[in-house]
Amino acid sequence: MQPMLNTAVRAARRAATIINRASFDLEQIQVEQKAPNDYVTEVDKAAEEAIIDVLISAYPTHAVLAEESGGSNNLNDESENVWIIDPLDGTTNFIHQFPAYCISIALQQKGVITQAVIYDPVHNDLFTATKGGGAFLNNKRIRVSKTDRLSKALLGTGFANRNKDEKALKEFLRMFEVMTLNSQGLRRPGSAALDLAYVACGRYDGYFEKNLKIWDIAAGSLIVSEAGGIVADFDGEAAYLKSGNIVAGSPRIFGQMLPLLQSAI
């Protein structure tokens, strides 16, 4: 395993130890509300600190962009190496003991995502990818699904309801309707990083969502690409890390999803 990827895996496993320990006594966890329907726990913060400690101990000159603590270690527009971290993607699920949450870590080098780790501590699923080196689940090579028709496809999605944006909700409902009518079914577990990992290993055939943050999708986008999938924004371009709007899938399913989604927005 590539040394930087191996370090990210160690960081994810250390965070998982904190998360798993806390999951046995959720009633004692302090929960703060960052915004409507947007929560952070002391577990998020402790896991993030553990991840950063492992990464920066190994690579002290690298910068960090993390969900809870923001930019650190001299992060600026000129930073060549940036670790992008979501210590607990699916915090609301975690709080409610709904077993769909994960740790997401990506390394961006000169603007390109080159290393990715998504770790599901509930099921002990470790998704990894190195740019140009393929994607893996628990050290076994993975590929996107071979489903060739959208009518046979299982899709993942999500929607941000933090700001109670009525216009955005109506747009999502239009997308939900058109994809429901044209696919075998939709699922919305509540962790964008896991959704992308599921596309990469073929559990989903495709996925779409808007208004995400870079730490939600940085690692997952590389894992999908390295598994043979396509990742783009709703214009079919590669600006999804900036816009937070993402469509991902196997090549055949992506090609059938995109025009339908475009017709709904």
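1. Ala-192, Ala-193, Leu-196, Val-199 and Ala-200 of helix α5 meet Asp-216, Ile-217, Gly-220, Ser-221, Ile-223 and Val-224 of helix α6. This comes from a predicted model. By class, the α5 and α6 contact holds eight nonpolar residues, two polar and one charged.

2. Now the geometry of that pair. Helix α5 spans residues 192-200, and its axis lies 8 Å from that of α6. The packing angle is about 0 degrees. Angles under 35 degrees count as roughly parallel, and α5 and α6 are therefore roughly parallel to each other.

3. Helix α6 also meets strands. Residues 214-226 form α6, which lies across β14 and β15. Its direction is at about 145 degrees to β14. On the eight-stranded sheet, α6 touches β3, β5, β6, β7, β8, β9 and β10. There it makes about 100 degrees with the direction of β7.

4. Next, the sheet that holds β14 and β15. Five strands make up this open sheet, in the order β12-β11-β13-β15-β14. Pairing is mixed. Strands β12 (185-187) and β14 (230-232) are at the edges. Each has a single partner strand, so one side of each has no neighbour in the sheet. From one strand to the next, the twist averages 15 degrees.

5. Strand β13 (residues 206-209) runs antiparallel to strand β15 (residues 246-249), and four bridges join them. Tyr-207 has Ala-248 of β15 as its bridge partner. Helix α8 packs on this sheet and touches β11 (154-157), β13, β14 and β15. The direction of α8 makes about 150 degrees with that of β15.

6. Helix α8 has a helical partner too. Helix α4 (residues 166-182) packs against α8 (residues 251-264) at about 140 degrees, with the axes 8 Å apart. The crossing is right-handed. On the α4 side, the contact uses Glu-171, Arg-174, Met-175, Val-178, Met-179 and Asn-182. On the α8 side, Met-257, Leu-260, Leu-261 and Ala-264 take part. Seven of the residues in the α4 and α8 contact are nonpolar, one is polar and two are charged.

7. The other sheet has eight strands and is also open. Its order is β4-β3-β5-β6-β7-β8-β9-β10, with mixed pairing. At the edges stand β4 (70-72) and β10 (140-141). Each has a single partner strand, so one side of each is left without a neighbour in the sheet. Strand β9 (residues 135-137) pairs with β10 in the antiparallel sense, over two bridges. Phe-136 has Arg-141 of β10 as its bridge partner.

8. Helix α2 lies across β3 (63-66), β5 (81-89) and β6 (102-109). It runs at about 150 degrees to β5.

9. Helix α2 (residues 42-58) also packs with helix α1 (residues 3-23). Their angle is about 155 degrees, and their axes are 9 Å apart. Angles over 145 degrees count as roughly antiparallel, and α1 and α2 are therefore roughly antiparallel to each other. The crossing is right-handed.

10. The α1 side of that contact includes Thr-7, Arg-10, Arg-14, Ile-18 and Ile-19. The α2 side includes Val-43, Ile-51, Asp-53, Val-54 and Leu-55. By class, the contact has 14 nonpolar residues, one polar and three charged.

Key: Residues are numbered from 1 along each chain as its sequence is written. This is a predicted model: local features need pLDDT of at least 70, side-chain atom pairs count only at pLDDT 80 or more; totals for chains, interfaces and linings use all residues. Side-chain values use heavy atoms; hydrogens and water are left out. Axes are lines fitted to C-alpha atoms, for helices over the stretch in contact, and angles run from 0 to 180 degrees between N-to-C directions. A crossing is left-handed if the near helix is turned anticlockwise from the far one by less than a right angle, and right-handed if clockwise. Contact means heavy atoms within 4.5 Å. Ala, Val, Leu, Ile, Met, Phe, Trp, Tyr, Cys and Pro count as nonpolar, Asp, Glu, Lys and Arg as charged, and the others, Gly among them, as polar. Angles under 35 degrees count as roughly parallel, over 145 as roughly antiparallel, 65 to 115 as roughly perpendicular and the rest as oblique. Two strands pair if DSSP finds at least two bridges between them.
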